[in-house]
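I'd like to walk you through one structure, starting where its chains meet and then moving inside a chain. Here it is on the screen.

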Number of protein chains: 2
Amino acid sequence: MTEKIPHVVIVGAGFGGVAAMKALKNVNVKITWVDRTNYHLFQPLLYQLSTAVLSTDDISFPVRAMFRKRKNMDLFMAKATGIDGKNKILHTNHGDISYDYLIVAAGATNNFFGMENVEKYSYGMKTIQEALHIRNHALHMFERANKQEDSEEERRKMLTFVCVGGGPTGVEEAGALAELVAVQKLDYPNLNFDEVSIKLIEATDRVLPMMPDNLQKYTLDVLKKKGVEVMLNTQVADCSEDGLTLKDGTFIPSRTVIWAAGVRAHDLASTIGAECDRAGRVIVEKTLQVPGYPEIFAIGDNAHFLQDGRPLPTVAPVANQEARAAADNIVRMIKGEKLQEFVYKDYGSMATIGRCEAVVSWGFLKIGGFFAWVIWMFLHLMRLEGAHEDITVGIKWFWNFISGARLGRIITNIRFEELEK
Amino acid sequence: MTEKIPHVVIVGAGFGGVAAMKALKNVNVKITWVDRTNYHLFQPLLYQLSTAVLSTDDISFPVRAMFRKRKNMDLFMAKATGIDGKNKILHTNHGDISYDYLIVAAGATNNFFGMENVEKYSYGMKTIQEALHIRNHALHMFERANKQEDSEEERRKMLTFVCVGGGPTGVEEAGALAELVAVQKLDYPNLNFDEVSIKLIEATDRVLPMMPDNLQKYTLDVLKKKGVEVMLNTQVADCSEDGLTLKDGTFIPSRTVIWAAGVRAHDLASTIGAECDRAGRVIVEKTLQVPGYPEIFAIGDNAHFLQDGRPLPTVAPVANQEARAAADNIVRMIKGEKLQEFVYKDYGSMATIGRCEAVVSWGFLKIGGFFAWVIWMFLHLMRLEGAHEDITVGIKWFWNFISGARLGRIITNIRFEELEK
């Protein structure tokens, strides 16, 4: 009698998916990993791709290289389109996949809160494609402004870069853009850099909400020093090709609005049919199971997990810990053991504000400045997949540190027609 | 009385354009550099981008970083659309530019010799975009074949890669593809690699025509050892999404046909109105001037320069030497001196066939193998623009040398819809 090997399907190659796969690597199960790409994207460094510090290949790692030569693991590169929990089937655009256990780690996408014009005219920053679009567009704006000798108004519009959202993504992007501008200055001797403006817009009265007050203030000071104009208590109402309209009616002329003001879960989570929160996250049980579907686990950006009366934040450490807990619970289910309840351990958070500047908040350690930046760098290098990437990124950072150079300042739109606009 | 500073316009940021700019850097002229991109592309390594060895940013260098802080030099990023030699005007999609002297170094594009289906269904390899298309498509074919469990015929079609053209580009591409396949083998334990086929098709009876006979034979041996099937005396008649039809009627099922069988000059050259050869190259005078337009110099892939009864080949050393000669003649014209006739000095040629294998033919030195490969590597690192690129590429090559790793095996189509095909 041969026992049937359980089939675990993991959707998503983000932090949650990778951690789940690693946790199940040596368990006697068949694993099918479903993702629409063939790589794990290291999202925390996406802002460095969008500002020409790093290249595409530096922050993306081929999924298959993580489970070489294992016959019981495979990647199924496809877009997951729906979940039929009753029949235990995952629908994809390349056909259906039956599962015994399903881990939904499909990640998040931009949340434009229903503002269609913002979706249409602003630049999201969740994928490699979006980050490259920002890079190409921002660099192109300098070329365009340099040719625009007649109209200061047009030049200023092209040279105004607006980041919306005062979380880590918005702060990091604004800081990195300010540094990119400093490099560009060397290359455009005929352009007046007083016409360049970088704005960070935040709806609440603070940036980096997870940080203590003094580090929030420190962050504001550093951004200001870098030339970023931070606009707190400011809400966006509308967007067009020519700029941004605020709730109070103010119009900010700009050709570049970068949206880092919110995320929502991938649509897949909502197709299970279980209750979701407003951001599309499945309200999971303490075991991370989806209510009514004990074989389905939702984790990371796809899960709404209540702890201490609040849902856990959509950050990488949550996805990592949830993935390991879900994998562990699947093993328990296979063995017929009692499942364990998940408890998130918060080790703190960090964000970088630019070269030599970061803030770190870990328990008693709450610091900002150069040392925090060194910690940030070291930890990000450790967390990157692949020794390769570590070396390349390490060298590029070192080079950037000593020379401020930005290797990736090339405009590589797929279609040349776009450059003519 | 102020003397008017002559305005030199250079079209193209390839080898010719860069060499012309460098030759004129310290001359008292105003220089406007026109290119549709903002970077110099190191075309000899494009095949390494298309086969996931290197990244986009490794082989492209921002043009502006070459002439920092110089107010009398500027890049005008635009597509040059036509030349009005009578009125000394260059037309671009962003407006007209008047010149006193014009250097046409706009480079070359694929020559499909009028075969529309080949143009439509095969993959060219002259730009970053084309190289990335090849990379994305080839990697995607492995994912598709891995899912195609039912049909060996479909799988074989997906896993057959055809390079057309036995010049350096075709040979290098075929060799690099064979090595990419070896890496892929580790990642697809469920795929039968006997179904993979790499073919190199050449119309004449030899590859690398510029090499001596024994090195041509050596190249054929190395390609064979790497698993490349070389088909000499074989001409292409037609192409479709499903494969390639040869002149003798044979059909080769394949989803990937890479076209490296010919180039023709950029259309710009033909707009001058001077006589061109069949590949669109202007038949220039001994001084590199365009007949009838003494202020216009055509160089590199845009020039048909007769020497010893044959036109010079369209290779980088020719473009470099012609650029320096054209720049020198412009200086002579400004000074009212007699122009000099150009004579090309052929130092030989080289090509790589893969990791640890290359052929070099320089005067008496005619070798193939590891030492030739070391020379090839060293010279290519030297010729790359930017210390940055040298270091990154050097490390990637070293890593590739010891581990065979391919960092860039990620599929990054701009539109996810393409992945669904």
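**Where the two chains meet**

Let's begin with the interface: chain A puts 61 residues into the contact and chain B puts in 61 residues, where contact means heavy atoms within 4.5 Å. Before I go on, a word on the source: this is a predicted model, in which local features need pLDDT of at least 70 and side-chain atom pairs count only at pLDDT 80 or more, while totals for chains, interfaces and linings use all residues. Residues are numbered from 1 along each chain as its sequence is written, chains are lettered from A and ligands numbered from 1 in the order in which they are written, and side-chain values use heavy atoms, with hydrogens and water left out.

How are the two chains related?

How much area do chain A and chain B bury between them? About 5900 Å², with 58% of it on carbon and sulfur atoms; buried area is the accessible area (1.4 Å probe) that two parts lose on being put together, summed over both.

Now for the charges. Between chain A and chain B there are six salt bridges, meaning a side-chain nitrogen of Lys or Arg within 4 Å of a carboxyl oxygen of Asp or Glu. If you want one to look for, Arg135(A) and Asp57(B) join their side chains in a salt bridge at 3.1 Å, N to O.

Which element gives the largest share of chain A's side? That is helix 4 of chain A, with nine residues; helices here are DSSP runs (H or I, at least four residues), strands are E runs of at least two, and both are numbered from the N terminus.

**Inside chain A**

Next, the domains. Chain A splits into domain 1 (7-36 + 78-110 + 263-335) and domain 2 (116-261 + 355-420), with bounds from an automatic or database domain assignment. Taken over C-alpha atoms, the centres of domain 1 and domain 2 of chain A are 32 Å apart. Nine residues from domain 1 of chain A and eight residues from domain 2 of chain A make the contact.

These two domains of chain A bury about 550 Å² between them, 44% of it on carbon and sulfur atoms. On the domain 1 side, Lys22(A), Asn110(A) and Val263(A) lose the most area to domain 2 of chain A, together 58% of what that side buries.

Over all chains, though, the structure holds 36 salt bridges. One to find is Lys88(A) with Glu295(A), whose side chains meet at 3.8 Å, N to O. Lys88(A) sits in the loop between strand 6 (80-84) and strand 7 (89-92) of chain A and Glu295(A) in strand 21 (residues 293-298) of chain A, so this pair ties together parts that are 207 residues apart in sequence.
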